[in-house]
Amino acid sequence: MTAARLVLASTSIYRKQLLERFGIPFETARPELDETPQPGESPVATAERLALEKAKAVAADYPNALIIGSDQVAHRGEERFDKPGTEARAIAQLQAMSGKAIVFHTAVCLYNSASGQFQLEGVPTEARFRPLSEAEIIRYVQREQPLDCAGSAKSEGLGISLLDYMRGDDPTALIGLPLIALARMLRAEGVQVP
């Protein structure tokens with residue numbers, strides 16, 4: 001059996017670095033889609049829908065491939081903490097999350113573009129932010145520039161210093177691509193991992 005072509009439907013450097021851990025050749029493709037939550041859609045449903053839609057968005061260009069889509073939504077109840085984009089929004093998000101437990105729901109989808117079959121799994125991680133002073137928040141944002149991360153914090157970097165704890169089944173989920181779930185999905189498609 002010929003090895004399936006593997007495509008990461010993301011241009012995120014964080015997801016690319018995580019997938020490189022498997023040592024399997026893959027390509028990346030930019031999924032073009034609107035990531036706006038649908039009316040009444042829960043944060044969990046948004047992450048899972050977008051993971052599947054991202055994989056499907058590039059399927060036409062890769063008709064015989066295994067395509068990985070992933071999405072993450074940080075939330076506390078129905079309140080969402082999206083990618084801030086600016087320092088001011090990152091500071092405001094961290095002020096709102098100070099002293100609170102936030103769920104980072106990361107969904108991963110493996111879409112077989114030849115068969116149209118897919119596997120989809122959501123992996124939640126709870127991160128409790130310790131009480132943060134305004135000076136700590138400003139220093140953190142200026143130093144790490146977490147403007148492209150849901151929740152304005154990079155746990156793989158200095159952002160870990162903002163937390164009291166993290167709880168979840170897969171530490172890579174918080175970074176943006178749940179590798180434990182993805183490895184299971186790839187093995188189900190006949191890909192040898194490891």
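**View 1. Gln145 and Ser152, two residues in one loop of this predicted model.** Gln145 is found in the loop between helix 4 (134–144) and strand 7 (163–168). Its phi is near 50°, a positive value in a residue that isn't glycine. Look along the loop between helix 4 and strand 7 and you'll also come across Ser152. Ser152 isn't a glycine, yet it has a positive phi too, of about 60°. Are these residues buried or exposed? Gln145 has a relative accessible area of 32%, so it counts as partly exposed. Ser152 has a relative accessible area of 0%, so it is buried.

**View 2. The largest pocket and what lines it.** There's about 730 Å³ of space in here. The lining takes in 40 residues, and the closest to the centre of the pocket are Arg15, Gln72, Lys83, Asp148 and Ala150. Which element gives the largest share of the lining? That's strand 3, with five residues. Several elements each bring at least two residues to the lining: helix 1 (13–20), helix 2 (43–57), strand 3 (65–76), strand 4 (79–81), strand 6 (118–129) and helix 5 (171–175). By residue type, the lining splits into 19 nonpolar, nine polar and 12 charged.

**View 3. Asp71 and the residues it touches.** Here we zoom in on strand 3, where Asp71 is found. The unreviewed UniProt entry puts the feature "active site" at Asp71. With a relative accessibility of 5%, Asp71 is under the 20% cut-off, so it counts as buried. What does Asp71 touch, once residues up to four places away in sequence are set aside? Its contacts are Arg15, Glu35, Thr46, Ala47, Leu50, Ala51, Lys54, His105, Thr106 and Ala107.

View 4. Now pick out Ile68: leaving aside neighbours within four places in sequence, it is in contact with Leu6, Val7, Leu8, Ala9, Leu19, Ala55, Val108, Cys109, Leu110, Leu177 and Leu182.

**View 5. Helix 6 and its buried residues.** Which residues of helix 6 are buried? They are Leu179, Ala181, Leu182, Ala183, Met185 and Leu186. These buried residues pack against strand 1 (5–8), helix 1, strand 3, strand 5 (101–112), strand 6 and helix 5.

**View 6. The chain after helix 6, with Gly190 and Pro194.** Just after helix 6 comes Gly190, which takes a positive phi of about 90°. Pro194 lies in the segment after helix 6 (179–188). What kind of peptide bond joins Val193 and Pro194? The bond is cis, with an omega of about -5°.

Methods. Residues numbered from 1 in each chain as written. Predicted model: local features only at pLDDT ≥ 70, side-chain atom pairs only at ≥ 80, totals over all residues. Heavy atoms only, no water. Helix = DSSP H or I, 4+ residues; strand = E, 2+ residues; numbered from the N terminus. Buried < 20%, exposed > 50% of the residue type's maximum accessible area, 1.4 Å probe, protein only. 1 Å grid on protein atoms, 1.4 Å probe; cavity = no way out; pocket = protein on both sides within 12 Å on 5 of 7 lines; lining within 4 Å. Points joined across faces, edges and corners; volume = space filled by probe spheres on them. Nonpolar A, V, L, I, M, F, W, Y, C, P; charged D, E, K, R; others polar. Contact = heavy atoms within 4.5 Å. UniProt positions renumbered as here; feature names shortened; annotations may be inferred.
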